[in-house]
Amino acid sequence: MRSMSIRVTGCTRAQGTCGSRNVFFGVAPQNGLCMTTAGTVVDGKLKGRNGAQDTRVRKRGVDGRVRSFEEIPHTGKNGWVNLLKFWREGCFKQLHKHMERTFNALGPIYREHVGTHGSVNIMLPSDIGELFRSEGLHPQRMTLQPWATHRETRQHSKGVFLKNGEEWRADRLLLNKEVMMTAAVKRFLPLLDEVARDFCQMLQARVEREGRGEKGNRSLTIDPSPDLFRFALEASCHVLYGERIGLFSSSPSLESQKFIWAVEQMLATTPPLLYLPHRLLLRIGATLWTQHATAWDHIFSHADARIQRGYQRLSSSQGQESKPGEAGGRYTGVLGQLMEKGQLSLDLIKANITELMAGGVDTTAVPLQFALFELGRNPEVQEKVRQQVRTSWAQAGGDPQKALQGAPLLKGAIKEILRLYPVGITVQRMPVKDIVLQNYHVPAGTMVHVCLYPLGRSAEVFEDPQRFDPGRWGSGREAGQRGEGSGFRSLSFGFGARQCVGRRIAENEMQLLLMHILLSFHISVSSTEDIKTTYTLILQPETPPRITFSKL
């Protein structure tokens, strides 16, 4: 007899075809019903808490029996046929929309096999909670094999993003102390605030120089994306390396421009390599692989030069009395902290700093584009956030941490942006034990994707999901959220022990920049039409929105 403790969700749903709408995206079925029950599966039968067969769960007429993995709805069993279909229909660039359409057609769980990659896809918080409870001590997510192959062929060490098991856990615990803990945030927050202030001063000067209107009250309409990329790189370098690289000057360095290009090239070439035999492409010298590897080589070269300079600064300051990670009383960044403590080898420090750099530019610059657009087309929301920011800033006395704590709508605005436009469109886990999702058996070791774009826009989960409403994330507020469970709705940074290691840097970086922009400018847009989006390992606008900055 095989037994396991589980939490089972049963849900009857509206049937539909690809592109239709059902209960999960705003149109309720005639007989919609969702319920959850705790119990145990014994020989395929669902038992209640007292051991009796539980009759409350029904799934397509099968009384009390958990359905097999093979019965999970799927998009086609032949991975290579599906891959060809993906290429032909342009699904790689619209993967988020493909997921939304497929949930509409098949319901809240489905299987997909594309090329060499297979997964079970889910989107409801109750199922995500069950997955989280089965992730184990060493959570495993999808390994980006093209990245891992680059490290192996170039003989680079791997950072925590590409590691698993006890090796991952040991390194991650050391990194958490420098980038996740409250004390670490307190150290690097002033650095982020400095870069955000400088960005706004640069923007003010540009508006005054190039804008229209009377002096001191001018407006300028621009595509801010190039400036936001420079801001993200400048802020990341300041926190990670403890030094500014001068990207706000009139002529930023060629080295930094090449780094931004390399990150974009790396992101663009990763998705197709996930579904193809990339080692074969490596052996035959395929153009796609060469482009990917060259991009990573530039990223590592940029990081290596910065790390060498950081090492020289740290060496020259030895012998002076200062706190760990500080040279002459000045915070030397995450790099200085790690080097000073010496608990990670120099190779591992380089691997992790490089991953943080590569993952810290587009993933903050792009959400900031969406944030400026949404605030611009929702002027009432913008004004509410601004008033709260003004009050908090005045009371904080120049302390950025206090200013952010007093402006919860600012944090809510970032959460709303990442709900509507998640940077990474999935969070992945491999359960360490067999589980049941939507009354289907999912074996241990199955790759399960939590699909964030459909989750964030689901009427089953959020009230009026298309509305940009930072207030829906207010403390203790239940309005604006629906469905079972209280958590697992804001997941753009992942969840649990394996959530994004750069989360605290990114959250504070985005909030501080928006805070200073709102204190200095009114934001508007010429068109309130929805932005068309595309996917290149991260979700981004097809065309960056143009924003009008008017000096206050």
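Predicted model: local features only at pLDDT ≥ 70, side-chain atom pairs only at ≥ 80, totals over all residues.
Me: How many helices and how many strands does the protein chain have?
Reply: Of the 552 residues in the protein chain, 57% are buried. Among contacts with a separation of 6 or more, 72% are between residues 24 or more positions apart. The secondary structure of this chain comes to 18 helices and 18 strands.

Me: At what angle do helix H10 and helix H12 pack?
Reply: Two packed helices are described by the angle between their axes and the distance between the axes. For H10 (residues 287–317) and H12 (residues 346–358), the axes are 10 Å apart, and H10 passes H12 in a right-handed crossing. The angle at which H10 and H12 pack is about 115 degrees.

Me: Which residues of H12 meet H10, and how many residues of each class are in the contact?
Reply: From H10, the residues taking part are Trp-296, Ile-299, Phe-300, His-302, Ala-303, Asp-304 and Ile-307, and they meet Lys-350, Ile-353, Thr-354, Met-357 and Ala-358 in H12. By class, this contact of H10 with H12 has eight nonpolar, two polar and two charged residues.

Me: Which helices do the buried residues of H4 pack against?
Reply: Helix H4 spans residues 145–154, and its buried residues are Pro-146, Trp-147, Ala-148, Thr-149, His-150 and Arg-151. Just after H4, Gln-155 takes a positive phi of about 60 degrees. The helices against which the buried residues of H4 pack are H8 (254–274), H9 (278–284), H10 and H12.

Me: Why is the pair of Phe-370 and Tyr-421 stacked?
Reply: The structure holds 16 aromatic pairs, and in the pair of Phe-370 and Tyr-421 the ring centres are 4.0 Å apart, with the planes at 0 degrees. Phe-370 in helix H13 (residues 362–377) and Tyr-421 in the loop between helix H16 (408–420) and strand E11 (426–429) are 51 residues apart, so the pair links distant parts of the chain. Both partners are buried, Phe-370 at 0% relative accessibility and Tyr-421 at 4%. Because planes under 30 degrees apart count as stacked, the plane angle that places this pair in that class is 0 degrees.

Me: Which residues do ring pairs link into a cluster?
Reply: The structure holds 16 aromatic pairs. The residues that ring pairs link into a cluster are Phe-86, Trp-87, Phe-92 and Tyr-275.

Me: What separates the C-alpha atoms of Thr-533 and Lys-93?
Reply: Thr-533 is found in strand E16 (residues 533–535) and is buried, with a relative accessible area of 5%. Not counting residues up to four places away in sequence, Thr-533 touches several residues, including Gln-94, His-96, Phe-370 and Tyr-421. Although Thr-533 and Lys-93 are 440 residues apart along the chain, their C-alpha atoms are separated by 8.7 Å.

Key
Residues numbered from 1 in each chain as written. Heavy atoms only, no water. Axes fitted to C-alpha atoms, helices over the stretch in contact; angles between N-to-C directions. Helix = DSSP H or I, 4+ residues; strand = E, 2+ residues; numbered from the N terminus. Left-handed = near helix turned anticlockwise from the far one by under 90°. Contact = heavy atoms within 4.5 Å. Nonpolar A, V, L, I, M, F, W, Y, C, P; charged D, E, K, R; others polar. Phe/Tyr/Trp six-rings, centres within 6.5 Å; stacked < 30°, edge-to-face > 60°. Buried < 20%, exposed > 50% of the residue type's maximum accessible area, 1.4 Å probe, protein only.
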